[in-house]
Amino acid sequence: MKRASQATETSQIGRSVPRLESWLKVTGRAEYVHNLRLPGMLYGKIFRSTVAHGRIRRIDTSAARAQPGVHSVVTAAEVKTVVPDPYYGPAFHDQPVLALDKVRYVGEPVAVVLASDPHVAEEAVHLITAEYDELPAVYDEVEAVSSKAIVHDALKPAGTFPDLKHLKGVKNTNVALDFRLRRGDSTKAMASAARIFEHRFRTQQVMHTPLEPLVSVAECTEDSLTIHTASQSPSFVRIEIARLLGWPENRVRVRVPFLGGGFGAKLYIKLEALVAVLSLLVKRPVKVSLSMEEQFFTITKHASTFRIKSGLSRDGRVVARECEVWWNGGAYADIGPRVTQKSGFTAPGPYDVQDVAIDSYAMYTNLPPAGALRGFGIPQLVWAYESHTDMIAREMGIDPVEFRRKNLLREGRPQATGTVMRDAAIEKVLERAAELIDWGKPFDRGSGTRRRGRGIAIGFKACIANTTSLAAVQINADGSCTVYISTVDMGQGSDTAMAQIAAEVLRLPTEAVTVVHSDTDVTPFDMATLGSRSLFHTGNAVKLAAEDARAQLDALRQQLGLPPDAAIADIFKKKYGMRAGSVTGVGNFIPPYTPPDENGQSDNATPFWMIGATGVEVAVDTETGRVRVERLVNVADVGTPINPRIVETQLSGASIMQLGFTLFEKMLFDGEGQLRNASLAEYKIPGLLDLPPEIVNEAVVAEQRTGPFGAKGVGETATFGVSPAIANAVHDAIGVRLTELPLNPEALWQALQQR
Amino acid sequence: MRRAVHFTLNGERVEAQVAPHESLVEVLREEFGLFGARESCGQGLCGCCTVLVDGVAVSGCLYLATLVEGAQVETVERSATLDEVQEAFIERSAFQCGFCTPGFVLMTRQLLAENPDPSEAEIRHYLSGNLCRCAAYPEIIEAVKLAAKKRQRS
């Protein structure tokens with residue numbers, strides 16, 4: 001990674017420590033829930049809906065029950081004996097443990113077969129039949145606004161979010177949230193603008209495809225429940241399961257080892273409520289592991305439509321911007337309403353615009369549910385506003401980078417919410433991306449049917465607020481250190497980064513620190529591992545906890561008459577007369593936050609900003625419509641990199657993932673809402689042959705002053721600019737503008753024919 | 001229905017009672033507690049379930065366990081001592097979540113056995129049947145190059 005050294009670096013911070021779990025991972029011995037087997041365990045296999053929208057008339061499970069080796073078959077009727085109101089969700093209590101009365105998308109879980117042999121369970125699933133009274137269905141997020149097909153009879157907000165309260169009990173709508181932001185008077189400003197530009201963009205539905213598919217195991221006693229789950233949000237799982245069962249939280253234990261990838265798929269409740277109910281019904285451990293195919297029916301990324309309109313002054317300044325965004329949330333809201341608001345307020349982009357209007361709608365449709373996927377809605381928004389930005393610049397005859405410079409949101413200026421930008425290296429990130437892609441310098445533009453072009457794009461994201469992380473740091477009698485957190489290491493390297501932070505405070509080598517994986521009976525609360533929040537939030541909590549432990553040790557040294565540099569082991573030895581005892585420091589971190597008013601205005605909308613820019617050079621084959629990215633430049637403001645090597649792999653990995661979402665990944669549905677490509681055979685994800693020949697990653701010199709040792713999150717940043725940078729480069733190469741993802745050969749070839 | 005299958009697993013002669021429909025990866029997991037080869041896509045397309053049978057990489061999720069009668073079967077768990085490939089994967093940070101890593105390690109061993117000094121293009125093509133959703137691909141290429149160097153030195 002290209003990077004200048006920073007003043008904030010110290011002995012453990014800025015050190016590329018190899019991941020603490022390296023040995024476990026290269027020898028195949030890392031613990032995943034995927035591996036877990038418990039004595040007497042039953043496997044659950046799911047029977048799924050074949051219609052997109054319908055009332056359940058009848059489910060016939062008799063043949064499945066009669067199959068030798070089948071333990072039992074469970075439908076919503078049995079679920080209700082354990083949980084009378086079996087609806088869950090982080091924003092809305094809208095999703096049933098198993099379909100109840102209605103099905104709302106093809107692939108929705110309707111019944112489960114339990115057996116000791118998973119093959120028996122799977123075979124028996126094929127013996128179940130269900131009859132439905134089909135209802136009209138809606139699939140498109142814009143049509144859903146006015147459609148007669150209504151996915152939910154009444155809206156059921158969870159009650160934890162004030163901005164959803166007005167939706168309680170509302171009928172005859174598919175709008176799960178209508179977020180609104182008004183700053184200044186965009187109508188008036190638009191009327192006085194010299195030129196108006198309006199475009200409409202779309203993104204497609206895609207899926208996370210973690211290679212460890214979703215999996216959960218539950219085991220119970222009469223009055224306690226343990227859930228082993230591949231989850232990014234163990235604390236939420238405990239709260240939500242306790243709520244569903246009406247139990248105190250201390251009787252629900254949620255354990256999470258390593259995850260085989262997450263990317264937002266493994267958040268909130270996925271299989272946890274199902275395995276909990278199944279285990280309580282049959283009084284045996286139950287495991288449900290999804291196949292790769294089934295993951296496509298479980299959680300996806302929002303398809304979206306974005307109408308963006310800008311008023312420009314004669315000299316190329318954006319004076320007004322109006323954004324209307326429709327998010328296709330599928331049949332259940334999941335975290336969609338938060339995507340709609342928390343990302344929605346950045347829809348005008350990292351530009352200084354006085355008069356802004358944003359309307360962002362979370363829509364229900366009859367498709368598999370959509371939630372968070374590496375960027376929490378931001379890549380969809382940047383796709384639109386950065387394509388739009390290039391289109392305006394080129395139309396006005398201004399160099400696209402120069403146009404951005406002219407309009408950039410600079411340090412100290414208010415963003416659309418009114419929150420003043422701090423520690424957001426927008427300008428630096430844009431300049432470095434332009435420099436690294438050799439913007440403005442001549443290059444081989446190709447000839448004949450093979451043309452080349454360059455493109456650039458910049459995006460930003462507000463970290464979700466307000467959220468809490470707690471940590472405990474224990475100093476053992478020999479001076480070694482154990483960190484207790486509920487942050488989940490799903491591959492982003494959080495264990496290592498947290499160990500580095502604790503080690504730095506305690507003046508230990510990172511390798512002397514171990515991190516206990518989340519276990520809600522042991523590790524303290526953490527909101528969730530999502531949205532690039534952990535390094536900042538849990539990192540700050542770990543730092544506070546380590547400082548607390550250090551202060552306690554210092555006090556002990558003083559009490560015991562030891563010199564200030566006395567070894568930790570000597571403190572305990574003197575105090576207890578032997579190797580015994582421990583000291584535990586605690587840290588509780590919640591950054592300040594001001595909720596938005598009715599116009600979306602807030603003087604403190606986010607604890608920090610993530611900034612990412614992408615520069616690309618592409619080659620386009622005009623005969624086939626195929627786009628090859630030949631050079632890919634990722635530049636980010638990550639504050640101080642705690643572990644530069646891990647930061648680089650996060651930037652690189654995120655950009656390659658987004659490359660798949662840009663060039664080929666797409667869930668294809670037929671007219672009945674049936675997914676046609678639910679497998680890696682027909683849904684291709686990037687492999688080694690899709691890799692651009694040249695990838696450059698750079699973290700600009702920056703500091704997040706409120707972050708632990710100047711750091712901020714990085715997991716999503718390099719996704720932001722990839723899609724529009726490529727579309728802009730394709731336009732630069734062949735003069736064709738695509739406004740819908742993916743930019744696959746078919747789409748480009750068709751656009752070329754229409755030219 | 002089950003019948004005894006005899007084979008050599010990571011250098012040790014073993015026997016397992018195997019049903020005709022059971023895959024090699026299932027038998028390794030259920031009978032021997034080996035989890036390094038793991039089913040992900042279930043279609044032989046991602047490489048997470050890679051196992052070496054008589055020195056040749058197979059997709060353990062599709063390979064019927066009864067077919068290993070008399071064969072030499074090797075998984076990533078063969079040795080707890082790191083070889084040059086595993087060392088190189090650590091030194092070049094060539095993994096994130098680690099779920100696909102055993103498959104990449106085994107394929108890299110097979111590549112380097114066939115071609116001790118592969119070019120970058122050869123590495124990309126040889127390993128293109130292994131997927132990494134974390135996309136640690138640039139680091140994997142670096143690791144394979146480093147492993148090749150380490151093996152040449154030793």
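The numbered points below describe a predicted model, moving from its chains and domains to selected strands and a helix.

1. Domains of chain A. Chain A is split into three domains.

2. Domain 1 against domain 2 in chain A. The C-alpha centres of domain 1 of chain A and domain 2 of chain A are 35 Å apart. Their contact draws 22 residues from domain 1 of chain A and 23 residues from domain 2 of chain A. On the domain 1 side, the residues divide into 11 nonpolar, 7 polar and 4 charged.

3. Overall form of chain B. Chain B contains 5 helices and 5 strands. Read from the N terminus, the order of its elements is β-β-α-β-β-β-α-α-α-α. The C-alpha trace of chain B spans about 45 × 30 × 25 Å along its principal axes. Its radius of gyration is 15 Å, which agrees with the value near 15 Å for a compact globule of 154 residues.

4. Burial and contacts in chain B. Of the 154 residues in chain B, 54% count as buried. When contacts between residues at least 6 apart in sequence are taken, 61% of those in chain B join residues at least 24 apart.

5. Domains of chain B. Chain B has a domain 1 covering 3-78 and a domain 2 covering 84-153. Between the C-alpha centres of these two domains of chain B there are 22 Å. Domain 1 of chain B gives 10 residues to the contact, and domain 2 of chain B gives 11 residues. The domain 1 side of this contact has 6 nonpolar, 3 polar and 1 charged residues.

6. Contact between the chains. Chain B supplies 40 residues and chain A supplies 41 residues. On the chain B side, the elements giving two or more residues are α2 (84-91), α3 (101-114) and α5 (137-153). That side of chain B has 23 nonpolar, 12 polar and 5 charged residues.

7. A five-stranded sheet in chain A. Which strands form the open sheet of 5 strands, and in what order? The order is β9-β18-β17-β16-β10 in chain A, with mixed pairing. β9 (175-183) and β10 (195-203) of chain A are at the edges with a single partner strand each, so one side of each has no neighbour in the sheet. From one strand to the next, the twist averages 5°.

8. A parallel pair within that sheet. Strand β17 (residues 318-328) of chain A runs parallel to strand β18 (residues 355-363) of chain A, and 9 bridges join them. Arg321(A) is placed opposite Val356(A) of β18(A).

9. Helix α10 of chain A. Helix α10 (residues 336-343) of chain A lies across β9, β17 and β18 of chain A, and runs at about 10° to β9(A).

10. Strand β12 of chain A. Strand β12 (residues 225-229) of chain A is mostly covered, with 5 of its 5 residues buried. In a regular strand, side chains alternate between the two faces of the sheet. In β12(A), Leu225(A), Ile227(A) and Thr229(A) point one way, while Thr226(A) and His228(A) point the other way. Residues on both sides are buried.

11. Partners of β12 in chain A. Strand β11 (residues 215-220) of chain A runs antiparallel to β12(A), with 5 bridges between them. A hairpin of 4 residues links β11(A) to β12(A). Strand β13 (residues 252-255) of chain A pairs with β12(A) in the parallel sense over 4 bridges. His228(A) has a place in both pairings: it is the bridge partner of Val217(A), and it stands opposite Arg255(A) in β13(A).

Methods:
Residues are numbered from 1 along each chain as its sequence is written. Chains are lettered from A and ligands numbered from 1 in the order in which they are written. This is a predicted model: local features need pLDDT of at least 70, side-chain atom pairs count only at pLDDT 80 or more; totals for chains, interfaces and linings use all residues. Domain bounds come from an automatic or database domain assignment. Two residues are in contact if their C-beta atoms, placed from the backbone, lie within 7 Å. Ala, Val, Leu, Ile, Met, Phe, Trp, Tyr, Cys and Pro count as nonpolar, Asp, Glu, Lys and Arg as charged, and the others, Gly among them, as polar. The radius of gyration is taken over C-alpha atoms; the globule rule is 2.2 Å times the number of residues to the power 0.38. A residue is buried if 20 or more other C-beta atoms lie within 10 Å of its own, exposed if 12 or fewer, and partly exposed in between; C-beta atoms are placed from the backbone. Two strands pair if DSSP finds at least two bridges between them. Axes are lines fitted to C-alpha atoms, for helices over the stretch in contact, and angles run from 0 to 180 degrees between N-to-C directions.
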